[in-house]
Amino acid sequence: MASVYFPFRSKVPGHLWPAFSSLCSPSSLVGTGFSNGEACIGSQIDTIISRIREGSSDDEVSKSLGHDEVCNAIPMSQNLVNVVLHRFKDDWKTSLGFFRWAGSRLGYEHAPESYDMMVDILGKLKQFDKMRALMEEMHHDNQVRLSTVAKAMRRLAGAREWEDAVRVFDDLGNFQLEKNTESMNLLLDTLCKERKVEKARAVFLELKSHISPNTHTFNIFIHGWCKANRVDEAEWTIQEMKGQGCHPCVISYSTIIQSYCRQSNFAKVYELLDDMQAQGCVPNVVTYTTIMCSLTQVERFEEALQIPERMRSLGCKPDTLFYNALIHTLGRAGQLREAVHVFEVEMPKNRVPPNTSTYNSMIAMYCHRSQEEKALNLLREIENSTFCKPDIQTYYPVLKSCLKTGKIDNLSEFLDDMVNKHHLSLDFSAYTLLIHGLCKANKCEWAYNLFEEMVGKDITPRHKTCALLLGEVKQKNMHDAAERIEVLMKQMKASE
């Protein structure tokens, strides 16, 4: 869908919703624990950004900043420069103009990271002549690093300028950089990530006579072939590795296993697991997590729940992500008691800390089975936790449960905690859930306030949401609201 111009911005009336608007402004960062020094830098950054004349040429931006007494009184630092470059990362003229001005300031020299950021911005926006010119300047100051070359090659490859990407590698000597295994791998990785595996292969065949490949070289090809959905070539690369005296590692096998998992070809998955063990390459926790998640996705729960035992038999220790996947699998299989045991007994016993996703899965399971009190106990636990904090997904099942049970007062309390205590903002799914739920609960005014807030954040609602709310506001004789919704629906239809 094309972008829609929204005919109104949120008025956000009511006892709660102004808090949401405050979260969308930079001022909402005040009082969030920044030191005085950080707050001072933040103020300086805001000043510079507010005085930059966007849309003009890079020379004009640089000159206008050079004549600005307020900006010239601000001391330059690498942190300040990098933040401003990031702010204008989609506007090369402003970025380059600011970069030139900052570099001209007495007592300040650009750090290599700032140069790399500027190279990346110019490459991203396909200003390749200017990117090359900047790299030449960097060359005179001995500022071109391998990371600089990597960014240039990646941006050229992303723009389908394959030959130019290879030419950057060919010119490494001009930058006093060495053509070696590391730099060759950067070029091959760049091409493979842009799905030009065959081009990468041709380059490799040219270079391998005088640059030795390593395990990472072949892993790049394995990943590239798998990304191109050519798993047979990836498996053949394993054999080629061995022929070149490189030992396939757990990454080599796990990449191919992941590809077979996506195809639900578990016979090949198990075959590769056996092959790994025969080669003395023990699968790691990431390998097993991938397999269990994939089995769960296709509802082969019994098989998925055999994975933990297989893993333990090889002495592979579970981590937080593995336990999260296991809890999710047990939940999908309807084994809540076992999931609780993993969360309350196994994880503490093995000293594996839960994270936000762990809590989210448990809270969602309890809410799904109408065990709201247990869900709320866990919600309070994560809210008071020192090592992880709730996110929007933590609250989603709780909000859904409140709407389902008609506990609207609790809903207000949770939303207030989300906004004012944890500084969370509603997303598309949460807005949709609340608007639909409040309409069904005969809380049409509140639903409409949320609708305005949603649209005010440039989040486009579904047609179904608009139609539902439109019917409700018409029943309540909210004529202005109905008119605004109808205007939005017409604009949404026109932009489809």
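Met-276 is buried, with a relative accessible area of 0%. Buried means under 20% relative accessible area, exposed means over 50%, and partly exposed lies in between, using a 1.4 Å probe and protein chains only. The model is predicted: local features need pLDDT of at least 70, side-chain atom pairs count only at pLDDT 80 or more, and totals for chains, interfaces and linings use all residues. Residues are numbered from 1 along each chain as its sequence is written, and side-chain values use heavy atoms, with hydrogens and water left out.

Where does Met-276 lie? This residue belongs to helix H16, residues 266-278. Helices (H or I, at least four residues) and strands (E, at least two) are DSSP runs, numbered from the N terminus. Leaving aside neighbours within four places in sequence, Met-276 touches Val-250, Tyr-253, Ile-257, Cys-281, Val-282 and Pro-283. Contact here means heavy atoms within 4.5 Å. Cys-249 sits 27 residues away from Met-276 along the chain, and their C-alpha atoms are separated by 8.7 Å.

Now take the whole chain. The protein chain has 29 helices and zero strands. Of its 496 residues, 49% count as buried. Its C-alpha atoms fill a box of roughly 75 × 70 × 50 Å, taken along the principal axes. Among contacts with a separation of 6 or more, 65% join residues 24 or more positions apart.

How do helices pack? Two packed helices are described by the angle between their axes and the distance between the axes. The axes are lines fitted to C-alpha atoms, for helices over the stretch in contact, and angles run from 0 to 180 degrees between N-to-C directions. Start with helix H5 (residues 78-87) and H7: their axes come within 10 Å and cross at roughly 10°. H5 is therefore roughly parallel to H7. Angles under 35 degrees count as roughly parallel, over 145 as roughly antiparallel, 65 to 115 as roughly perpendicular, and the rest as oblique. From H5 come Gln-78, Val-81, Asn-82, Leu-85 and His-86, which meet Glu-113, Ser-114, Met-117, Met-118 and Ile-121 of H7. By class, this contact has five nonpolar, four polar and one charged residues. Ala, Val, Leu, Ile, Met, Phe, Trp, Tyr, Cys and Pro count as nonpolar, Asp, Glu, Lys and Arg as charged, and the others, Gly among them, as polar.

H7 (residues 112-124) also packs with helix H9 (residues 146-158), at an angle of about 10° and with the axes 9 Å apart. H7 and H9 are therefore roughly parallel to each other. On H7, the contact uses Asp-116, Val-119, Asp-120, Gly-123 and Lys-124. On H9, it uses Ser-147, Thr-148, Lys-151, Ala-152 and Arg-155. Which classes meet in the contact of H7 with H9? There are two nonpolar, three polar and five charged residues.

Finally, look at two loops. Arg-195 is in the loop between helix H11 (181-193) and helix H12 (197-207). Its phi is near 65°, a positive value in a residue other than glycine. Is Arg-195 buried or exposed? Arg-195 is exposed, with a relative accessible area of 52%. Asp-458 is in the loop between helix H27 (444-456) and helix H28 (463-475). Asp-458 has a positive phi of about 60°, although it is not a glycine. At 47% relative accessibility, Asp-458 counts as partly exposed.
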